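Please look over the sequence and the structure shown here before reading on. The paragraphs below then go from the chain as a whole to a few of its parts.

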Amino acid sequence: MSTIDPAAAEPQTAAPSSRPRVAILFGGRSSEHSISLVTARGVLGAIDREHWDMVTVGIARTGEWFLFSQDELEALLDENPITELPVGEQMVSLPMGSGDTELLIRDISGEGPAQERREHIDVVLPLLHGPYGEDGTLQGMLELADMRYVGCGVTSSAVGMDKHFMKVAFESAGLEVGPYIVAKDRRWRSEPEAVLDEIAQLAAPVFVKPARAGSSFGITRVDDPSDRSAVTAAVEEARSFDRKVVVEAGISGREIECAVLQGHGQDAPRVSLLGEIVVVDEHSFYDFEAKYVAQDSAQLSCPAEVPEATAERIRADAARAFEAVDGEGLSRADFFLTDDGRALINEVNTMPGFTSISMYPRLWEASGLPYDALLDELLRLALERPIGLR
């Protein structure tokens with residue numbers, strides 16, 4: 001690695017743009033790295049360049065930050081849509097001084113003396129999914145750096161990432177959740193038979209999930225919860241993603257989703273029309289392949305055909321779930337609507353996907369808010385948000 005030329009040791013600050021400058025973050029260390037790239041591609045293709053200036057920052061699986069242009073991202077995904085970012089030559093770091101709202105960019109290409117420059121940032125749009133991006137860790141880093149950002153804060157991001165504590169928050173708010181058990185690491189290692197006994201009492205089929213993962217990674221459906229061998233294998237699969245595992249009872253019902261937006265200049269959250277996920281073909285549930293790989297394997301019906309009173313109740317519950325996790329900016333709430341008319345909340349997603357086939361933007365599109373306008377509203381809301389404790 002080259003040394004810094006003393007003549008260029010003082011970082012140069014780029015001239016500020018007349019448009020607010022957005023740092024788009026994508027990639028990250030989680031298993032959802034490739035999904036984040038696809039999300040970023042969709043956002044970069046839709047954001048209004050007349051209103052927003054951008055700096056695009058890719059985060060490698062190693063955790064390093066570097067500049068990665070839209071053209072480079074397009075070329076990478078055209079070659080392989082399920083891929084990882086290569087390490088770049090323009091390394092990016094985040095100064096942590098109070099009020100220092102700039103990115104520090106350092107050329108490590110090795111071609112001549114290393115150069116440093118600073119890029120002023122008005123707001124960060126973190127398009128990272130899963131741990132080390134969506135779970136409050138990145139949000140805490142941005143809070144320390146006095147950087148405004150889109151989406152939920154530290155606590156709500158952490159709770160919204162953890163399927164265990166999320167359910168605890170829902171139950172505290174009076175929302176109905178389905179039966180579940182939690183297999184924490186220590187208990188699974190010390191008394192697995194007791195955990196298996198509890199799982200065997202859940203209604204079939206059961207869904208074994210990593211507590212803090214998304215995009216259906218590590219989820220296994222087990223049709224017979226008393227099959228200890230099958231359940232053990234499913235728990236170990238989930239533990240390869242997260243040592244804390246949640247096992248949920250099967251619920252017979254329709255999968256209903258509702259998008260939530262804390263609108264520009266508004267305190268109360270807005271809610272979209274309801275959508276219904278219908279999984280077709282050979283998929284037994286809404287798994288990773290149905291979400292991102294197979295074409296036409298999942299269909300969204302919006303507005304969902306449910307009685308008006310039921311729809312209003314679910315939309316109200318989506319807003320209550322947003323408040324239960326202390327949400328900011330956006331979330332998507334997922335429900336099961338049973339045959340007897342009960343609406344059980346399954347989870348909220350505090351950074352839902354923004355791909356061209358993702359449910360969150362499609363729900364708002366059907367509700368009269370186009371993709372570009374949705375992004376614009378989220379960015380403007382983040383710009384208005386005060387720094388520090390709120």
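Predicted model: local features only at pLDDT ≥ 70, side-chain atom pairs only at ≥ 80, totals over all residues.

Residues are numbered from 1 along each chain as its sequence is written, and side-chain values use heavy atoms, with hydrogens and water left out.

The protein chain has 12 helices and 17 strands, taken as DSSP runs numbered from the N terminus (helices: H or I, at least four residues; strands: E, at least two). Of the 390 residues in the protein chain, 54% are buried, where buried means under 20% relative accessible area, exposed over 50% and partly exposed in between, with a 1.4 Å probe and protein chains only. Contact means heavy atoms within 4.5 Å, and among contacts in the protein chain between residues at least 6 apart in sequence, 66% join residues at least 24 apart. The protein chain exposes about 16,800 Å², of which carbon and sulfur atoms supply 48%; accessible areas come from the Shrake-Rupley method with a 1.4 Å probe, and for residues only the protein chains shown count as cover.

Helix α1 covers residues 33–46, and at 1.5 Å a residue its 14 residues should span 20 Å, which agrees with the 21 Å between its end C-alpha atoms; the expected span is 1.5 Å times one less than the number of residues. Because 11 of the 14 residues of α1 are buried, the helix is largely enclosed by the rest of the structure. Among those buried residues are His-33, Leu-37, Val-43 and Ala-46.

Leu-37, which lies in helix α1, counts as buried at 0% relative accessibility. Not counting residues up to four places away in sequence, Leu-37 touches Phe-26, Gly-27, Leu-73, Leu-76, Leu-77, Thr-83, Glu-84 and Leu-85. The C-alpha atoms of Leu-37 and Leu-25 are separated by 9.5 Å, with the two residues 12 apart along the chain.

Glu-64 sits in the loop between β3 (53–59) and β4 (65–67), and is partly exposed, with a relative accessible area of 34%. Leaving aside neighbours within four places in sequence, Glu-64 is in contact with Gly-58, Ile-59, Val-87 and Met-91. Val-87 is 23 residues from Glu-64 along the chain, and their C-alpha atoms are separated by 7.7 Å. The side chains of Glu-64 and Thr-62 are joined by a polar contact of 2.9 Å, that is, a pair of N or O atoms within 3.5 Å, where within protein one must be able to donate a hydrogen and the other to accept it, and residues adjacent in sequence count only if both atoms are side-chain atoms.
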